[in-house]
Amino acid sequence: MKNENFTEEKICPFCGQIYTARPAVSRKDGETLICPDCGIREALTGLGIDWEEQEKILETIHKSI
Ligand SMILES: [Zn+2]
């Protein structure tokens, strides 16, 4: 038995990255599935954090996982 829900490769429509993690739902339309990184980016954008700062935050998150 395989748990395909969490190992299936998906392509993020925003950044084109192939990912296997649980997708995030885009805030833009509430239904598009995006990669976790883009989910974080959207959340940070919503907080008014600029792109450069978002990159630093994502880098920190990736290091800590
Ligand atoms: Zn993405």
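Helix 2 and helix 3 are oblique to each other, a label for angles that are not under 35 degrees (roughly parallel), over 145 (roughly antiparallel) or 65 to 115 (roughly perpendicular). The model is predicted, and local features need pLDDT of at least 70, while side-chain atom pairs count only at pLDDT 80 or more. Residues are numbered from 1 along each chain, and hydrogens and water are left out.

**Helix packing**
- Helix 2 (residues 36-46) and helix 3 (residues 51-64) pack at about 135°, with axes 10 Å apart.
- Contact (heavy atoms within 4.5 Å) involves Asp37, Ile40, Arg41, Leu44 and Thr45 of helix 2 and, among others, Trp51 and Gln54 of helix 3.

**Zinc site**
- The zinc ion is coordinated by the SG atoms of Cys12, Cys15, Cys35 and Cys38, at 2.2 to 2.4 Å; donors are N, O and S atoms within 2.8 Å of the metal (3.2 Å for Na, K and Ca).
- The 4 donor atoms subtend angles of 105 to 114°, so the arrangement is tetrahedral (all angles between 85 and 135 degrees).
- Cys12 lies in the loop between strand 1 (10-11) and strand 2 (18-19) and Cys38 in helix 2, so this pair ties together parts 26 residues apart in sequence.

Methods
Axes are lines fitted to C-alpha atoms, for helices over the stretch in contact, and angles run from 0 to 180 degrees between N-to-C directions. Helices (H or I, at least four residues) and strands (E, at least two) are DSSP runs, numbered from the N terminus. Four donors count as tetrahedral if all angles lie between 85 and 135 degrees; four count as square planar and six as octahedral if opposite donors are over 155 degrees apart and all others between 65 and 115; anything else is irregular.
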